[in-house]
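Here is a short briefing for a first look at this structure. Take it topic by topic, with the model open beside the text.

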Amino acid sequence: MVKLSRTRLELFLQCPRCFWLLMNRRISRPPPAPYTINSAIDALLKKQFDCHRRQGTQHPVMQQHHIDAVPFADARIDEWRNNFKGVQHRHAATDFLVFGAVDDIWVNPAGELSVVDYKATGANEHRIYDQYKRQMEVYQWLL
């Protein structure tokens with residue numbers, strides 16, 4: 001079985017040669033500098049939203065931005081967030097296992113789910129990069 005994480009799919013789009021080296025020779029790109037502050041913010045947001053998930057209430061950010069949803073309460077949320085398991089699908093015809101770890105999932109009153117990924121940045125302007133869009137599309141497809 002070939003395991004394809006969301007980041008490996010992105011690597012293929014960025015650099016097919018780098019993808020081939022990783023998958024066939026286990027040669028990976030040098031790791032980037034750690035995003036310590038971003039990771040800490042991500043963890044804090046998950047903790048805050050988990051409190052509201054348990055209570056079935058909206059986070060103040062959701063109220064402030066008029067988002068009619070609450071964090072989705074599902075026993076599998078910790079599994080779906082796990083970087084090595086996440087949400088996954090095995091495509092039998094190709095024997096590919098595609099997976100990715102979501103940050104959160106929200107549900108609106110109609111029962112519709114929204115995949116959420118927390119992004120921390122020090123930039124003055126918010127920019128939605130193409131890779132963020134693809135990330136959400138992979139998670140939506142998996143769910």
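β5 and β6 form a hairpin, with 5 residues between the two strands. Glycine 111 sits in the turn and has a positive phi of about 85 degrees. Helices (H or I, at least four residues) and strands (E, at least two) are DSSP runs, numbered from the N terminus. This is a predicted model, in which local features need pLDDT of at least 70 and side-chain atom pairs count only at pLDDT 80 or more, while totals for chains, interfaces and linings use all residues. Residues are numbered from 1 along each chain as its sequence is written, and side-chain values use heavy atoms, with hydrogens and water left out.

**The hairpin and its partner strand**

- β5 and strand β6 (residues 113-116) pair in the antiparallel sense over 4 bridges. Two strands pair if DSSP finds at least two bridges between them.
- Isoleucine 105 has valine 115 as its bridge partner in β6.
- Strand β2 (residues 70-71) also pairs with β5, in the antiparallel sense, over 2 bridges.
- Proline 71 has tryptophan 106 as its bridge partner in β5.
- Both faces of β5 are covered. Asp104 and Trp106 on one side are buried, as are Ile105 and Val107 on the other. Buried means under 20% relative accessible area, exposed means over 50%, and partly exposed lies in between (1.4 Å probe, protein chains only).

**The open sheet**

- Strands of a sheet pair through backbone hydrogen bonds, either parallel or antiparallel.
- Here 3 strands form an open sheet in the order β1-β4-β3, with mixed pairing.
- β1 (2-5) and β3 (87-91) stand at the edges. Each has a single partner strand, so one side of each is left without a neighbour in the sheet.
- The twist averages 20 degrees from one strand to the next.
- β3 and strand β4 (residues 96-100) run antiparallel and are joined by 5 bridges.
- Histidine 89 stands opposite valine 98 in β4.
- α6 packs on the sheet and touches β3 and β4. Its direction makes about 115 degrees with that of β4. Axes are lines fitted to C-alpha atoms, for helices over the stretch in contact, and angles run from 0 to 180 degrees between N-to-C directions.

**Nonpolar cores**

- The largest nonpolar core has 18 residues. A nonpolar core is a set of buried Ala, Val, Leu, Ile, Met, Phe, Trp, Tyr and Cys residues joined through side-chain atoms within 4.5 Å.
- Trp80 and Val102 have the most contacts inside this core.
- Two or more residues each come from α2 (16-25), α5 (77-81), β5 (104-107) and α6 (130-142).
- α6 gives the largest share, 4 residues.
- A second, separate core has 6 residues, including Phe49, Ala69, Val116 and Tyr118.
- Valine 102 touches Trp80, Arg81, Val87, Val115 and Tyr139, not counting residues up to four places away in sequence. Contact means heavy atoms within 4.5 Å.

**Salt bridges**

- The whole structure holds 11 salt bridges. A salt bridge is a side-chain nitrogen of Lys or Arg within 4 Å of a carboxyl oxygen of Asp or Glu.
- Aspartate 50 and arginine 81 form one of them, at 3.0 Å from N to O. Aspartate 50 is in helix α3 (residues 36-55) and arginine 81 in helix α5, 31 residues apart. Both residues are buried.
- Arginine 53 and aspartate 104 form another, at 2.8 Å from N to O. Arginine 53 lies in helix α3 and aspartate 104 in strand β5, so the pair ties together parts that are 51 residues apart in sequence.
- Arginine 53 is buried at 8% relative accessible area, and aspartate 104 is buried at 0%.
- Asp50, Arg53, Arg81 and Asp104 are linked in a network of salt bridges.
- Arginine 76 forms a salt bridge with aspartate 74, with the closest N and O atoms 2.9 Å apart. Arginine 76 is partly exposed at 43%, whereas aspartate 74 is buried at 18%.

**Histidine 59**

- Histidine 59 is in the loop between α3 and α4 (60-64).
- Histidine 59 is buried, with a relative accessible area of 6%.
- Leaving aside neighbours within four places in sequence, histidine 59 is in contact with Gln48, Phe49 and His52.
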